Amino acid sequence: MIIVGVDGSATGLQAVSWAAEEAKLRSSPLQVVHVMPRWAHTMSVDAEHAEVGAWMRDGARTVLHDAVELVRKRTPEVRVHSELLGGDPRDLLPQAAEGAEMLVVGNHGLGGFRGLLLGSVALGVSGRSAVPVVVVRDGRGERRGPVVVGVDGSAAGETALGFAFEQAALYGVELHAVRAWRRQPFDPADPERTAEVEEKRVLAVSLTPWQERYPDVKVVGLVENAHPVDALLGASADAGLLVVGSRGRGELAGLFLGSVSHALLHHAECAVAVCR
Ligand SMILES: Nc1ncnc2c1ncn2[C@@H]1O[C@H](COP(=O)(O)OP(=O)(O)OP(=O)(O)O)[C@@H](O)[C@H]1O
Ligand SMILES: [Mg+2]
């Protein structure tokens, strides 16, 4: 099952199109979820607000109806359901996605100032969900180009690697695995540049078990002497999907989202999948 969040925005509908295509590729059912304020969702509001509540529920049902219609039109083979929930979407979307294959949202929605690159719901669900969260960027929903993954040897990075291989196999595209590291301009202790060789070895070791599992996926390993954000932005410029872990090795425990994933969610040109 694939879960997609909608809020009535055009970007939300682009997330629905992306999710519908994914559901078709995976032969999975699709669940369209809209979360509205709890007070308006529960019928038991005082008489004064009952009318507003009823009006809001009508609006919410229309949001879901439009999304389901879009799925039926674009991908009639996909089984689609809808669900209306009351509360905070940042809590309820990850909850609704428990046990699903992934949660899909747009990078922004109805509320935000258009200049913002990422809305609060998109940011709030990334790193909080047990399943991969795909943030579909407004106007960049196509799956052309390779899948790019950041490899840092962390536990979340390992989950990201598995998801990236799965997606590359599904789309039938190359997987570009990027490992970024910082080299000193000249390290007298390392005249032979053994550090670089070591980085390449570490990358190869991470990739080997996955390559055995997905022998049909063509993998390109890239070891770059750059900040991970720069390396991954560069590598993902022509990508269809960028996959990262929610937190790397250097992050503070307790943070939901590491700084690299945070920056990439804001600045990547393609859809970004965050895996925990
Ligand atoms: N109430 C909701 N119910 C379900 N999904 C939602 C809801 N709100 C947002 N989403 C999902 O999250 C995506 C991003 O919306 P988000 O709310 O983060 O951006 P925004 O409205 O531009 O910013 P903000 O709400 O922070 O002002 C939407 O495209 C949609 O997929
Ligand atoms: Mg919003």
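**The ligand shell and an aromatic pair**

The shell around ligand 1 is made up of nine nonpolar residues, eleven polar residues and one charged residue. The model that shows this arrangement is a predicted one. Of the 21 residues around the ligand, those that come nearest are Gly5, Val35, Gly109, Ser120 and Val121.

Backbone atoms of the protein provide polar contacts to the ligand. An oxygen atom of ligand 1 lies 2.9 Å from a polar backbone atom of His108, and an oxygen atom of the ligand is 3.0 Å from a polar backbone atom of Gly106. A nitrogen atom of ligand 1 is placed 3.3 Å from a backbone N or O atom of Val6. Taken alone, ligand 1 exposes 610 Å², and 87% of that is buried by the protein.

Two or more residues of the shell come from each of the elements β2 (30-36), α4 (89-96), β4 (102-106) and α5 (120-125).

Attention may now turn to the aromatic rings. Two aromatic pairs are found in a search of the whole structure. In the pair of Phe165 and Trp210, the ring centres are 6.3 Å apart and the planes lie at 20°, so the pair is stacked. Phe165 belongs to helix α6 (residues 155-171) and Trp210 to helix α7 (residues 194-213); the pair therefore ties together parts that are 45 residues apart in sequence.

Note on methods
Residues numbered from 1 in each chain as written. Chains lettered and ligands numbered in written order. Predicted model: local features only at pLDDT ≥ 70, side-chain atom pairs only at ≥ 80, totals over all residues. Heavy atoms only, no water. Near = heavy atom within 4 Å. Polar contact = N/O pair within 3.5 Å; in protein donor to acceptor, adjacent residues only side chain to side chain. Areas by Shrake-Rupley, 256 points an atom, 1.4 Å probe, with all protein chains shown as cover. Helix = DSSP H or I, 4+ residues; strand = E, 2+ residues; numbered from the N terminus. Nonpolar A, V, L, I, M, F, W, Y, C, P; charged D, E, K, R; others polar. Phe/Tyr/Trp six-rings, centres within 6.5 Å; stacked < 30°, edge-to-face > 60°.
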